[in-house]
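Dear colleague,

I am passing on the model we spoke about, together with some notes on what turned up when I went through it. Please have the structure open beside this message while you read.

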Amino acid sequence: MNVPFLDLKTPYLELKEELDAAYQRVMASGWYILGRELEAFEAEFAAYCDTKYCVGVGNGLDALHLILRAMDIGVGDEVIVPANTYIATWLAVSYTGATPVPVEPDETTYNINPLLIESVITEHTKAILAVHLYGQPADMDAINKIAKQYNLKVIEDAAQAHGAKYKGRCTGNLGDAAGFSFYPTKNLGAIGDGGAITTNDAELADKARLLRNYGSRVKYENEIQGFNSRLDELQAAFLRVKLTKLDEWNSRRTLLAETYLKNLKKTANLTLPFVPHWAEPVWHLFVIRHPRRDSLEQHLRQAGVGTLIHYPIPPHLSDAYAASTWQPGSFPLSEKLSREILSIPISPHLTHQQVSEVINILLEDF
Ligand SMILES: *Cc1c(COP(=O)(O)O)cnc(C)c1O
């Protein structure tokens with residue numbers, strides 16, 4: 001049996017009628033940038049995240065970058081980031097000229113360890129950029145408490161966590177502002193690139209709107225030196241359709257995660273994801289750990305099961321940050337995780353047979 005890691009065609013077929021209608025509607029409108037579909041999506045996504053404002057942008061990286069710009073973070077400033085994240089989190093900080101300051105994760109949740117944050121705060125620290133990694137919310141109360149004490153901004157990288165909840169509250173509404181990605185593989189994915197900023201801060205939302213559109217409110221009047229990063233009408237229309245399915249698809253992911261957790265409990269050598277009592281994750285990824293990860297990956301591949309590694313190279317060891325002072329060994333836990341983690345299929349469109357197949361292979365003595 002073939003179990004692909006990801007399948008983007010089946011979700012399209014499930015929503016074909018609505019997505020095709022959205023396509024026809026936008027095509028026939030003759031209006032493709034900054035129009036009614038975007039306005040409607042922004043209102044609908046803000047309501048979904050329980051925030052006052054949503055600003056659609058070109059992608060998740062830009063969402064984070066524009067938030068930092070809107071907060072006037074730049075050269076000479078420091079922003080605390082997780083050591084184990086997708087490199088986009090760091091790049092958003094580097095884009096502004098500020099310096100990413102990495103902090104190791106908690107070994108059970110893989111999210112930034114709040115106990116290690118205070119020790120890296122300096123007079124240059126301006127913000128904490130927390131990631132809800134793999135779809136599980138970071139410990140935001142602990143992070144917000146430190147931020148308040150040191151007068152820092154708090155930004156959520158919610159690119160993997162659409163719909164996740166922390167102590168009953170929605171991600172996207174747990175800090176000063178949040179960046180979402182609608183890259184096709186995310187829990188809420190467009191048919192191309194897309195992103196959004198959510199916030200309750202009217203001034204920040206206004207600044208983000210300026211920044212995404214050349215610094216302009218009125219055509220040809222440019223108040224600041226902005227960027228071009230807009231969520232286009234087609235993507236907004238597709239996302240409006242997909243948003244109506246997000247909770248259902250997240251529930252299917254949760255069911256699959258529960259099935260994995262129950263059936264793989266007693267497997268020697270496998271470390272399963274840990275969910276704190278206050279977290280309602282949306283299982284963007286289901287990440288297991290194994291001391292011989294590469295052989296396990298090969299074993300699964302030979303059995304027809306697709307897996308991926310999120311992520312094989314921590315940002316501090318990436319060539320992109322080769323000019324920095326970090327070395328192998330600078331963040332030992334993140335480096336160890338990068339050698340042991342493996343993401344197994346958890347798409348909402350997997351069949352029961354496919355999930356049983358993955359479980360049976362993992363239950364084999366390995
Ligand atoms: C996907 C992702 C991003 C970047 O989103 P893009 O839309 O690809 O720019 C940022 N942070 C995390 C954690 C992500 O998973």
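Since I begin with the interior, a word on terms: by a nonpolar core I mean a set of buried Ala, Val, Leu, Ile, Met, Phe, Trp, Tyr and Cys residues that are joined through side-chain atoms within 4.5 Å, where buried stands for under 20% relative accessible area. Please bear in mind throughout that this is a predicted model.

In that sense, the largest nonpolar core comprises 28 residues, and Val 79, Ile 155 and Ile 197 are those with the most contacts inside it. Two or more residues each are given to this core by strand 1 (53–57), helix 4 (60–70), strand 2 (78–82), helix 5 (87–95), strand 4 (125–131) and helix 7 (202–212), and the largest share, seven residues, is that of helix 4. Ile 155, not counting residues up to four places away in sequence, touches Leu 64, Ile 67, Leu 68, Met 71, Ala 127, Ile 128, Leu 129, Ala 130 and Ala 177. Apart from this core lies another, of 22 residues, which includes Ala 257, Val 305, Leu 350 and Leu 362.

An oxygen atom of the ligand is found 2.9 Å from a polar backbone atom of Leu 61, while a nitrogen atom of the ligand lies 2.8 Å from a polar side-chain atom of Asp 157. For Gln 160, an N or O atom of the side chain is 2.8 Å from an oxygen atom of the ligand. Of the 380 Å² of accessible area that the ligand has on its own, the protein covers 91%.

Two further residues may interest you. His 284 sits in the loop between strand 12 (279–280) and strand 13 (286–289) and, at 9% relative accessibility, counts as buried; its side chain makes a polar contact of 2.9 Å with that of Asn 187. Leaving aside neighbours within four places in sequence, the contacts of His 284 include Gln 160 and Lys 186, as well as Tyr 134 and Arg 253.

Finally, the chain as a whole. The protein chain has 12 helices and 14 strands, and its radius of gyration of 20 Å is close to the 21 Å that the globule rule gives for 366 residues, so the chain is as compact as a globular protein of that length. Buried residues account for 54% of the 366. Among contacts between residues at least 6 apart in sequence, 70% join residues at least 24 apart. The chain exposes about 16500 Å², of which carbon and sulfur atoms supply 52%.

With best regards

Conventions:
Residues numbered from 1 in each chain as written. Predicted model: local features only at pLDDT ≥ 70, side-chain atom pairs only at ≥ 80, totals over all residues. Heavy atoms only, no water. Buried < 20%, exposed > 50% of the residue type's maximum accessible area, 1.4 Å probe, protein only. Helix = DSSP H or I, 4+ residues; strand = E, 2+ residues; numbered from the N terminus. Contact = heavy atoms within 4.5 Å. Rg over C-alpha atoms; globule rule 2.2 N^0.38 Å. Areas by Shrake-Rupley, 256 points an atom, 1.4 Å probe, with all protein chains shown as cover. Polar contact = N/O pair within 3.5 Å; in protein donor to acceptor, adjacent residues only side chain to side chain.
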